Amino acid sequence: MHKTMEDLVPGPSICDGAWGTELQALGLAAGECPDAWNLSHADRVEAVARSYVEAGSEIILTNTFGANRLLLASHGLADQAADINRSGARISRRAASDRARVFASMGPTGKMLAMGETDEAELYAVYQEQAQALAGEGVDGLVLETFTDLNELRPALGAAKATGLPVVACMVFDSGPARDRTMMGTTPEHAAAALVEAGADAIGANCGRGIAGYIPVCGRLRAATDLPLWLKPNAGLPEVVEGRSVYRMSPGEFAEKTRDLVQAGAVFVGGCCGTTPEFIAAIVKAIKG
Amino acid sequence: MYDFAKFREAVLTGDAAAAVSLTRQALDGGVEPVDLISQGISPAMNEVGRLFEEGEYFVPELLISARATKAVFEILRPLLAKKGVQSAGRIVLGTVQGDLHDIGKNLVAAMLEGGGFEVTDLGINVAPERFIAAARDTQAQIIGLSALLTTTMPAMKTAIDAFREAGIRGRVKVMIGGAPITRSYAESIGADGYGENAAVSVDLARQLIGA
């Protein structure tokens, strides 16, 4: 019997920060497939997972954000989808041991339904393969993150729910004049209604244009549903200085704002692009300390 | 007198079937293809861009309007060619080397095709030499570079440097775009134009070639 979302979250729960930039610091090249490192550089992926556990993450994710068959195909790795996911789940579970929960990450396929590049049936099959591989390794939940299109998120959610695990469904709200809609124009209220209807156990927002804009988005999601809310904003947009991206927001400033997110109703908080274990340690201090 | 307003409405609402049948009506009634473009398609697509900027329209609305105009251009293009009228311009597009993201680039391609441009889409992970070869083969006036990642942005500069070394930089304008790109970045690497979103790409391309 899987645990329910209520068993898993008694109160505010600290998640992890970004993985891609951490893997790059360990040698992942630009354009290289991060998920493939679950097979080729498991030790380095585990080092990232461990750094978040040590920083105080109560929930860590897995290095499987792009490990769906459609996205892996662009790296010529479609046939290794199941192995990459299984290995990613095992790596995070080893790092978490009994100190943190593991929620496995599933991201978009990079194909657009509206352009006819894929269809719902294909999406369901692709996410079913990924969700089952992850669930088979004993993760505590699944997180569908960084989605912009409800029509892509729905089949992913259906496939994830079929494993019996609790499922978090998150979208990116960064478009429109108020930066409060998804790229496809979906509002927080519309997303909440659709995701509740589709059976999500928790919903939320991740990535985006920084944490400040996600405080009102969080409040609007809170008003629209009683489900636990998951908020993992990024540390603002990067500036490029001498060919390297630099995020200006400090861990302390970010952590201060996560308190506002909790006040606005977030139950799970963490970071996306530009956040590091230092950010997580600062959030632990701000929220639990 | 042909009802251009009705035609523009069909484009604005992305009703491709209506846009196509109104195009046939126009042509049967003696409307010149160039007039259908200047009084129908262009103002309608400008309005689509304005609605996008104002947050009335989002990506799905952009796409269906672009699709409707693309269907109209398929009818008009042979007629225009017969009269010796050139397309709006020739553009080679691609996501730069090391970057595998194509959603933004595909949106730009759809908008440009809807704007009457001849688009050669080289796909993702495109090496500078492929841009150069395609620009030569198609006699392109513009090369469009896309990147989603901060880590692959530097490949835009590499590409522009390669265009210069290959001696084609004087003949092509370079426009760039993508989530992490800013105007100041575009200026710093010597690009001719930067588009904040797909909706502005047609205007930007027209400006670059003085059309």
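This is a predicted model: local features need pLDDT of at least 70, side-chain atom pairs count only at pLDDT 80 or more; totals for chains, interfaces and linings use all residues.

Colleague: How many helices and strands does chain B have?

Modeller: Chain B has 9 helices and 5 strands. Along the sequence, the pattern reads α-α-α-α-β-α-β-α-β-α-β-α-β-α.

Colleague: Why is chain B called as compact as a globular protein of its length?

Modeller: Set the value against the rule. The radius of gyration of chain B is 17 Å. The globule rule gives 17 Å for 211 residues. The C-alpha atoms of chain B fill a box of roughly 55 × 40 × 25 Å along the principal axes. Of the 211 residues, 51% count as buried.

Colleague: What is the strand order in the open sheet of chain B?

Modeller: The order is β2-β1-β3-β4-β5 of chain B, and the pairing is parallel.

Colleague: What makes β2 and β5 of chain B edge strands?

Modeller: Each pairs on one side only. That holds for β2 (117-121) and for β5 (193-194) of chain B. Helix α6 (residues 128-138) of chain B packs on this sheet and touches β1, β2 and β3 of chain B. The direction of α6(B) makes about 165 degrees with that of β1(B).

Colleague: How do you know which strands pair with β3(B)?

Modeller: Two strands pair if there are at least two bridges between them. Strand β1 (residues 89-95) of chain B is joined to β3(B) by 5 bridges. Strand β4 (residues 173-177) of chain B also has 5 bridges to β3(B). Both pairings meet the cut-off, and both are parallel. On the β4(B) side, Val174(B) is the bridge partner of Ile143(B). From β3(B) to β4(B), the chain crosses through helix α7 (residues 154-165) of chain B, and this β-α-β crossover is right-handed.

Colleague: Why is strand β3 of chain B called largely enclosed by the rest of the structure?

Modeller: A residue is buried if 20 or more other C-beta atoms lie within 10 Å of its own. In β3 (residues 142-146) of chain B, 5 of the 5 residues are buried, so the strand is largely enclosed.

Colleague: Which residues of β3(B) point one way, and which the other way?

Modeller: Ile142(B), Gly144(B) and Ser146(B) point one way. Ile143(B) and Leu145(B) point the other way. In a regular strand the side chains alternate between the two faces of the sheet.

Colleague: Which residues have the most contacts inside the largest nonpolar core?

Modeller: They are Leu142(A), Leu144(A) and Ile203(A), in a core of 92 residues. Helix α7 (residues 120-135) of chain A gives the most to this core, with 7 residues. Apart from it lies another core, of 72 residues, including Ile41(B) and Ala88(B).

How values were computed: Residues are numbered from 1 along each chain as its sequence is written. Chains are lettered from A and ligands numbered from 1 in the order in which they are written. A residue is buried if 20 or more other C-beta atoms lie within 10 Å of its own, exposed if 12 or fewer, and partly exposed in between; C-beta atoms are placed from the backbone. Helices (H or I, at least four residues) and strands (E, at least two) are DSSP runs, numbered from the N terminus. A crossover is right-handed if, with the strands pointing away from the viewer, the path from the first strand over the helix to the second runs clockwise. Two residues are in contact if their C-beta atoms, placed from the backbone, lie within 7 Å. Axes are lines fitted to C-alpha atoms, for helices over the stretch in contact, and angles run from 0 to 180 degrees between N-to-C directions. A nonpolar core is a set of buried Ala, Val, Leu, Ile, Met, Phe, Trp, Tyr and Cys residues joined through C-beta atoms within 7 Å. The radius of gyration is taken over C-alpha atoms; the globule rule is 2.2 Å times the number of residues to the power 0.38.
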